[in-house]
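Hello,

Here is the structure I promised to hand over. Please look through it, then read my notes below.

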Amino acid sequence: MQLKRNVLLNPGPSTTTDTVKMAQVVPDICPREKEFQSIMAPMREDLVKIVHGRDDYTAVLFCGSGTICIDITLNSLLDKGKKALVINNGSYSQRAVDVLNYYGLPVIDLQQPIYTTPSLSEIENVLKENNEIGYVYMTHHETGSGLLNPIREVGALAHKYGAFFITDTTSSYAMIPINVYEDNVDFCMASAQKGIMGMTGLSYVIGKRSIIEASKDYPKRSYYCNLYMQYDFFERTGEMHFTPPVQTIYAAKQALIEYFDEGEQAKWSRHQRVMAAIHKGEERLGLKEILDRSVQSGLVSAVKYPDDENFSFDKVHDYCYERGFTIYPGKIEKQGTFRLCALGAIDEADIEEFWKVFEAGLKHYNVQIPVKYNEVQ
Ligand SMILES: *Cc1c(COP(=O)(O)O)cnc(C)c1O
C-alpha cells in the first residue's frame with residue numbers, strides 16, 4: 001500500500017514511518033489474551049529504559065491523550081494535608097493548575113514569566129516557607145512557546161525540601177535525553193504520538209515505584225484516572241484495568257524498535273538538525289521568534305506573525321497544507337504566533353522543501369519578503 005507522506009510541523013501527533021503505521025494492521029485479538037500481555041510487559045520496561053530508569057522505576061500505561069497523565073499524576077500523588085506547587089510559565093503548566101482546581105485540591109500557583117526560565121530563588125523561597133508541599137510540578141518543555149525549563153535544578157530543590165518532583169515531559173521524552181537520576185525526576189510522562197513517533201491514544205507515566213506504592217493510602221479522587229489502581233492491576237495481571245488501545249499498542253511496539261535502532265543521541269541530533277534548518281529558513285525570510293534561542297528547547301519555534309496586511313496565517317497554512325506540510329497556530333495569549341516543530345520522523349531535507357513551499361505561499365499572497373515588523377528590535 002502506498003500512503004501519501006505528510007510532513008507534520010505541529011507539536012504532535014508527529015509524522016510517523018510507514019512501518020509504524022502498518023504495524024497497526026494485525027489480526028483481531030482480544031487484549032485479555034496472554035499474547036497481548038506479552039507485548040505490554042517489555043513495553044513498560046522499554047519506556048523506563050528511555051529515561052535510564054532501573055527497577056526502582058516503572059511505567060504505567062493508560063488509554064488517553066497526554067493530558068490524562070497530567071490529571072493522573074496530580075490527583076493521585078497528593079497525600080491528605082499536602083499541597084501542590086506548580087511552576088506556572090506556560091499553557092501546559094496552566095493546564096496543571098486547572099486540573100488541580102477542578103479537583104478542588106490545594107495548590108500554590110507560582111506564576112513566572114513565560115519568555116524565560118523561572119527564578120530558582122523564588123521557587124526555593126516558596127518551598128522554604130511551605131513545608132506542607134507534597135510535590136513540585138513543572139512542565140519540562142512548554143510546547144506553546146518552546147521554552148525549556150530547568151528540571152534538574154528544580155527537581156533538586158524539591159528534594160532538598162522533602163517534596164517529590166513531577167515533570168510533564170510529554171513534548172521532550174524520547175527526544176531530549178533525560179536521565180531520571182541525574183535530572184532528579186520522580187515522575188515524568190509522555191504520549192505515544194509525540195517522542196516515540198507512534199499513534200494517538202496511548203499515554204504513560206514513568207515514576208518511582210516506592211512513591212506509587214505509598215500512594216495506595218492517599219485519598220482517591222478519580223475512579224478512572226488513578227495511578228495506583230492502574231499500577232496495581234498491571235503488577236497483578238500484566239494488563240490494563242480497562243480496554244487498552246490495541247492497535248496503537250502494536251504501533252508503539254514497532255515505534256520503540258525504531259527508537260532503539262536510531263539511538264538516543266542520533267535521534268536528538270536529528271531533531272536538532274531539523275530545528276537548525278527551521279531557524280535557517282526563518283532567518284532567510286526575516287521571520288522573528290518570540291523566544292531567545294538560549295532558552296529554546298530546540299523542538300518548537302514560535303514565530304511572530306509578520307506585520308503585513310497581506311499576511312494571513314490561515315491562508316498560508318492552507319497553501320502549505322495542500323502541498324503536504326502542516327503548520328500550527330500559536331498558544332501565546334495576545335500575540336499572533338505560529339509554530340514550527342522538529343518532532344517526528346522528518347529530517348532537514350523535509351524542512352528545506354517546506355521553506356520553498358512556505359515562501360511560494362507568501363509570494364502567492366503578496367506578502368513582502370523579507371517579511372517586515374513594525375516594532376524596533
Ligand atoms: C502534547 C502535550 C500534552 C498532551 O496534550 P494532549 O492534547 O492531551 O495529547 C501535555 N503536555 C505537553 C507539554 C504537551 O506538549
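**The ligand site**

The shell around the ligand divides into two nonpolar, nine polar and three charged residues. Here Ala, Val, Leu, Ile, Met, Phe, Trp, Tyr, Cys and Pro count as nonpolar, Asp, Glu, Lys and Arg as charged, and the others, Gly among them, as polar.

This is a predicted model, where local features need pLDDT of at least 70, side-chain atom pairs count only at pLDDT 80 or more, and totals for chains, interfaces and linings use all residues. Residues are numbered from 1 along each chain as its sequence is written, and side-chain values use heavy atoms, with hydrogens and water left out.

Three residues to look at are Ser65, Gly66 and Gln193. Ser65 places a polar side-chain atom 2.5 Å from a ligand oxygen atom. Gly66 has a backbone N or O atom 3.0 Å from an oxygen atom of the ligand. For Gln193, a polar side-chain atom lies 3.4 Å from a ligand oxygen atom. The protein covers 86% of the 380 Å² of accessible area (Shrake-Rupley method, 1.4 Å probe) that the ligand has on its own.

Two helices (DSSP runs of H or I, at least four residues, numbered from the N terminus) also take part. They are α3 (67–76) and α4 (91–103), and each supplies at least two residues of the shell.

**A helix pair**

Now turn to α11 (residues 313–321) and α12 (residues 348–364). They pack at an angle of about 135°, with their axes (lines fitted to C-alpha atoms over the stretch in contact) 9 Å apart. Angles run from 0 to 180 degrees between N-to-C directions.

Best wishes

Terms used:
A polar contact is a pair of N or O atoms within 3.5 Å; within protein, one must be able to donate a hydrogen and the other to accept it, and residues adjacent in sequence count only if both atoms are side-chain atoms.
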